[in-house]
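Dear colleague,

I am handing over a structure that I would like you to look at before you read on. My notes on what was found in it follow below.

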Amino acid sequence: MARIGFDDSNVTWRTIEGFDHIAYFICDVDEANRSVDLLFRFAANQQIVLHRHKAAYRTLVLQGELRIYRANGELKEIRPVGSYVASASDGEPHREGGGDEDAIVFFSNRNVDGVVYEILDDAFNTVTTFGLAEFRALLEGQGA
């Protein structure tokens with residue numbers, strides 16, 4: 001069977017200044033159900049900022065492979081295209097990135113209680129957070 005690649009030609013990728021090697025597209029922010037669904041594009045052979053997931057989430061790798069790195073940069077896990085993973089909140093701080101090609105991954109964040117992602121510095125201090133309000137503002141900005 002021939003491999004069919006993920007067609008993102010209708011996705012308008014956005015970036016946030018200071019957050020290298022990652023782009024996003026927000027699909028939905030549902031305050032009533034406390035969920036945020038979005039796509040991330042992780043640059044090939046790069047690592048994004050250190051962070052921790054503060055809400056339970058599901059991922060589905062749509063393109064490439066998602067690489068998970070420990071805080072010290074050591075490769076922890078590789079999730080190939082088609083991988084579906086359900087994870088609890090408050091896991092260990094980590095970085096993510098693409099494999100030899102950009103990775104596109106669908107994230108469904110659930111049961112959000114304020115914060116979705118906690119962005120950390122290398123000493124594990126919180127630099128900033130992204131919660132429902134921040135994702136709502138980013139979603140509204142996508143229409144501009």
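**The enclosed space**

Strand E1 gives three residues to the lining of the largest cavity, which is the largest share of that lining. This is a predicted model, in which local features need pLDDT of at least 70 and side-chain atom pairs count only at pLDDT 80 or more, while totals for chains, interfaces and linings use all residues. Residues are numbered from 1 along each chain as its sequence is written, and side-chain values use heavy atoms, with hydrogens and water left out.

Some terms come first. Helices (H or I, at least four residues) and strands (E, at least two) are DSSP runs that are numbered from the N terminus. On a 1 Å grid over the protein atoms alone, a cavity is a set of points where a 1.4 Å probe fits but cannot get out, whereas a pocket is an open set with protein on both sides within 12 Å along at least five of seven lines, and lining residues have an atom within 4 Å of a point. Grid points are joined across faces, edges and corners, and a volume is the space filled by probe spheres set on the points.

By this rule there is one cavity of 30 Å³ or more, and the volume of the largest cavity is about 280 Å³. It is lined by 19 residues, of which Phe19, Ile22, Phe40, Tyr117 and Ile119 are the closest to its centre. At least two lining residues each come from strand E1 (22-30), strand E2 (35-42), E3, E10 and helix H1 (132-142). The lining of this cavity has 15 nonpolar residues, three polar and one charged, where Ala, Val, Leu, Ile, Met, Phe, Trp, Tyr, Cys and Pro count as nonpolar, Asp, Glu, Lys and Arg as charged, and the others, Gly among them, as polar.

Strand E10 (residues 115-120) is largely enclosed by the rest of the structure, because five of its six residues are buried (under 20% relative accessible area, with a 1.4 Å probe and protein chains only). Two strands pair if DSSP finds at least two bridges between them. Strand E3 (residues 51-53) runs antiparallel to E10 and is joined to it by three bridges, and His53 has Tyr117 of E10 as its bridge partner. E10 also pairs with strand E11 (residues 126-131), in the antiparallel sense and over five bridges, with Glu118 opposite Thr129 in E11. Five residues lie between the strands in the hairpin of E10 and E11, where Phe124 takes a positive phi near 70°.

The largest pocket holds about 160 Å³ of space. Its lining has 15 residues, and those nearest its centre are Tyr57, Lys76, Gly91, Glu92 and His94. Two or more lining residues come from each of E3, strand E5 (66-70), strand E6 (75-79) and strand E8 (94-98). E5 and E6 run antiparallel and are joined by four bridges, and Ile68 stands opposite Glu77 in E6. In their hairpin, with four residues between the strands, Gly73 has a positive phi near 95°.

**The whole chain**

The chain has eleven strands and one helix, and buried residues make up 42% of its 144 residues.

Terms used
Buried means under 20% relative accessible area, exposed over 50%, partly exposed in between (1.4 Å probe, protein chains only).
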